[in-house]
Amino acid sequence: MSIIVFGSINIDLAAKTPRLPQPGETIIGSNFFTAGGGKGANQAVAAARLGIFTHMIGRVGNDKFAEELLTSLQSYGLSTDNVLIDNSTHSGVAIIAVDEKGQNNIIVIPGANNNVGDADIERLKKVLPEATSLLLQLEIPLEVVLKAAKVAREVGVRVILDPAPARSDLSLAEPAPTGATPTKRIELYPLIDIITPNEVEASQLVGFEVNDTETAIRAAKELQQRGVENVIVKLGDRGAVAVTPDETFVVPAFAVRAIDTVAAGDAFNGGLAAALDGGRSLSEAVVWGCAAGALCATKVGAQVAMPDRETFDNFLHDRAIG
């Protein structure tokens, strides 16, 4: 079996700074590097590094970054057979600043990611029958995310959504005949098996501040009412809260020295999907997600920071976790 990630592929242009700049302020950084990124590609690498055969479906542009991005993904054992080189635009770019505490801010220019569409859905359909999970994010057009979730549900493949970048509305007006006013909205929530917002994303989805376990549980139950069966709210160094139809539980964070949190959430989703692919329970999968996120935060970068399976297994073994 395999995992499919349908989403964004970016080149990251990252700078290390003593602190994040204020609006209008110029500060001197200490390091600069380029690397493969994009929430979709990051999650694909996270799963592949844990030994799961993973398909990446998305687009890169017609520029010097395309070959670098594809070669990098392939080096992690990913299948890139369904990544299209889009001759009409540039590859997606993320401009990232990371401070000495590991906090970051990010500007994303989508490029080819904005052109992901029906042709990519057709490629997705060809590999869905062999998959256990489809991982989605919101760095490609929402209407395409909706279509991908729908075709996955139709063939019984688990759909996991990381609702990032955050947005308050996950619905679209249903297409109407020319000249007519749409009367119905298509909702993404009922097509999702597991949704994994962090605190900021959860706050924007539900319209109130999520900043602790209590508010995370409240937000999760609100999202369940919208149609999602299982909700996991990622709380950073406070772990994660999970609410299912049958139980509510909290998984504490693993204590590590975080130096760069830029892709920890993507590592979480890769770890979560890898555990589920191996037949583990959701509670075990959340532990895997927290462990993968913690290990990722101990290194600088996104894909290069994803833990390999040996490192991951040793990390859990040292903490007496099976």
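Let me begin with P165, which is found in the loop between β9, residues 158-161, and β10, residues 171-173. The model on the screen is a predicted one, and in it a cis peptide bond joins A164 and P165, with omega at about -5°. For those of you new to this, most peptide bonds are trans, and most residues other than glycine have a negative phi.

You will find A320 in the segment after α9, which covers residues 309-318. Is A320 buried or exposed? At 74% relative accessibility A320 counts as exposed, because the cut-off for that word is over 50%.

Next, please look at β14, residues 240-243, which pairs with β15 in the antiparallel sense over four bridges. The two strands form a hairpin, with four residues between them, and the bridge partner of A240 in β15 is V251. In a regular strand the side chains alternate between the two faces of the sheet. In β15, residues 248-251, the covered face has F249 and V251, while the uncovered face has T248 and V250.

Now to the open spaces, where the largest pocket has a volume of about 1,300 Å³. Of the 47 residues that line this pocket, N198, T261, V262, A264 and G265 are the closest to its centre. Several elements each supply at least two residues of this lining, among them β2, α1, β6 and α7. By class, the lining of the largest pocket divides into 23 nonpolar, 14 polar and ten charged residues.

The second largest pocket has a volume of about 230 Å³, and among the ten residues that line it, E143, L146, K147, K150 and I186 lie nearest its centre. Which element gives the largest share of this lining? The answer is α4, with four residues, and the lining of the second largest pocket as a whole has six nonpolar, no polar and four charged residues.

Finally, a search of the whole structure finds one cavity of 30 Å³ or more, and the volume of the largest cavity is about 80 Å³. It is lined by 13 residues, of which A14, F33, V98, D260 and G301 are the closest to its centre. The strands β2, β3 and β6 each supply at least two residues of that lining, and the largest share, four residues, comes from β2. Nine residues of the cavity lining are nonpolar, one is polar and three are charged.

Technical notes:
Residues numbered from 1 in each chain as written. Predicted model: local features only at pLDDT ≥ 70, side-chain atom pairs only at ≥ 80, totals over all residues. Heavy atoms only, no water. 1 Å grid on protein atoms, 1.4 Å probe; cavity = no way out; pocket = protein on both sides within 12 Å on 5 of 7 lines; lining within 4 Å. Points joined across faces, edges and corners; volume = space filled by probe spheres on them. Nonpolar A, V, L, I, M, F, W, Y, C, P; charged D, E, K, R; others polar. Buried < 20%, exposed > 50% of the residue type's maximum accessible area, 1.4 Å probe, protein only. Pairing = 2+ DSSP bridges.
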